[in-house]
Amino acid sequence: MSPKIDFDKLSFSIMPGETMFISKCKPDGVWDQGAYLPYGDIPISPAAGVLNYGQGLFEGLKALQTKEGKVVLFRPAENAIRMGEGAHRICIPAYPADKFVEVIRELVRRNIEFVPPYGKGSLYIRPCLWGTGPVLGVSPAPEFTFMVYVSPVGPYFKTGFKPIKLEITREFHRAAPKGTGGVKSIGNYAGAMLPAKTTKAKGFNECIYLDAREDKYIEEVGAANFFCVKGKTVITPRLGSILPGITRKSVMQIAQDVMGMKVVEKNVSVEEAFDADEAFCSGTAAVISPIGSITCEGLEKVYNNFEVGPVTRELYDHLTRIQLCEEADRFGWIVPVV
Ligand SMILES: *Cc1c(COP(=O)(O)O)cnc(C)c1O
């Protein structure tokens, strides 16, 4: 164990690992072999495409330590594929998916001292894909950088698995139809800071966005996907301008194939969400976050008296147990690092 880190005091903040990975390519799309370097600042042109026009993408995944001391990744190839799709949308050559997974495995090995012990959190892995060459006009940069760094983070629920309070914002939208909401493009995120700040000032944990076309259907929760449960059916907004979460996809498969529930992707109106028995949101950081209440224009819907609903609990248990190798990896989601 590293003497430098107090694993009992981790939060979700940057505490960089020792080693990062950097690779570059030109517009021909041929990535160089890359290098593992000490974590540190990088030189960058003031005219870099990423700085001036937001030509950049990010990803996020976690390495977890199991009870037996193995270190594993959860569906890393899905991050590689999603980043490839995002790269196409913002005109960056994709980083090859097989190399992406190998780089991450090797990087985790090189930062193994930074992986928190079982139950104390995880090693958050942040791949970036940026246009780093100089440009003046709005066009793809002449050079691109793929970079990965890591940071240990604490468990998301420090005080236990506690339902959150959300507000539907009627003031802001996150993403436009046919825009970039469906990819992890860096330009999508600064615009979410004021909505989050506004809603937190009113005492909510996060805001829920409605769709920008009809201003009627639930899109997602900050940077997590939305779900609700009605009877034996798990309901989630259909893809389009929402981010296709890997946790979302996994929750849908567990609900259907492990729990035998019906899973429906559709337009979810505020009325339908208010009529549901349970609601939760999903993402790599939060895994599954139970929703205790949703407020819309002063009207508050409380779920389960602010207790965690049984379906939410069961989905959380299956997902986290699969991620920690405590339940059979029936879908082949686990990739060992060491
Ligand atoms: C990353 C992200 C998610 C969650 O995706 P996961 O793959 O489950 O981590 C949901 N919404 C937004 C806007 C995101 O950026």
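Analyst: **A loop threonine and beyond**

Leaving out residues up to four places away in sequence, T169 touches C207, I208 and Y209; contact here means heavy atoms within 4.5 Å. The model is predicted, so local features need pLDDT of at least 70 and side-chain atom pairs pLDDT 80 or more, while totals for chains, interfaces and linings use all residues. Numbering runs from 1 along each chain as its sequence is written, and side-chain values use heavy atoms, with hydrogens and water left out.

T169 sits in the loop that links strand 8 (164-168) to helix 4 (193-201). Helices (H or I, at least four residues) and strands (E, at least two) are DSSP runs numbered from the N terminus. With a relative accessible area of 8%, T169 is buried; buried is under 20%, exposed over 50% and partly exposed in between, for a 1.4 Å probe and protein chains only. A polar atom of the T169 side chain lies 3.2 Å from the backbone nitrogen of F172.

N305 has a positive phi of about 55° although it is not a glycine. F306 lies in that loop between strand 16 and helix 7 too, and F306, also not a glycine, has a positive phi of about 65°. As background, most residues other than glycine have a negative phi. How exposed is N305? N305 counts as exposed because its relative accessibility is 65%. F306, at 32% relative accessibility, counts as partly exposed.

Helix 7 (residues 310-323) packs against helix 5 (residues 246-258) at an angle of about 110°, and their axes are 10 Å apart. Axes are lines fitted to C-alpha atoms, for helices over the stretch in contact, and angles run from 0 to 180 degrees between N-to-C directions. From helix 5, the residues making the contact are T247, S250, V251, I254, A255 and V258, and from helix 7 they are L315, H318, L319 and I322. By class, this contact of helix 5 with helix 7 has seven nonpolar, three polar and no charged residues. Nonpolar covers Ala, Val, Leu, Ile, Met, Phe, Trp, Tyr, Cys and Pro, charged covers Asp, Glu, Lys and Arg, and the others, Gly among them, are polar.

Staying with helix 5, Q256 has its place there. Q256 counts as partly exposed, at 42% relative accessibility. Setting aside neighbours within four places in sequence, Q256 is in contact with M261 and V263. L239 is 17 residues from Q256 along the chain, and their C-alpha atoms are separated by 18 Å.

Helix 2 (residues 76-89) and helix 3 (residues 97-110) cross at roughly 130°, and their axes come within 9 Å. That angle makes helix 2 oblique to helix 3. On the helix 2 side, P76, A77, N79, A80 and M83 meet A97, F100 and V101 of helix 3. The residues of this contact between helix 2 and helix 3 divide into seven nonpolar, one polar and no charged.

Conventions:
A polar contact is a pair of N or O atoms within 3.5 Å; within protein, one must be able to donate a hydrogen and the other to accept it, and residues adjacent in sequence count only if both atoms are side-chain atoms. Angles under 35 degrees count as roughly parallel, over 145 as roughly antiparallel, 65 to 115 as roughly perpendicular and the rest as oblique.
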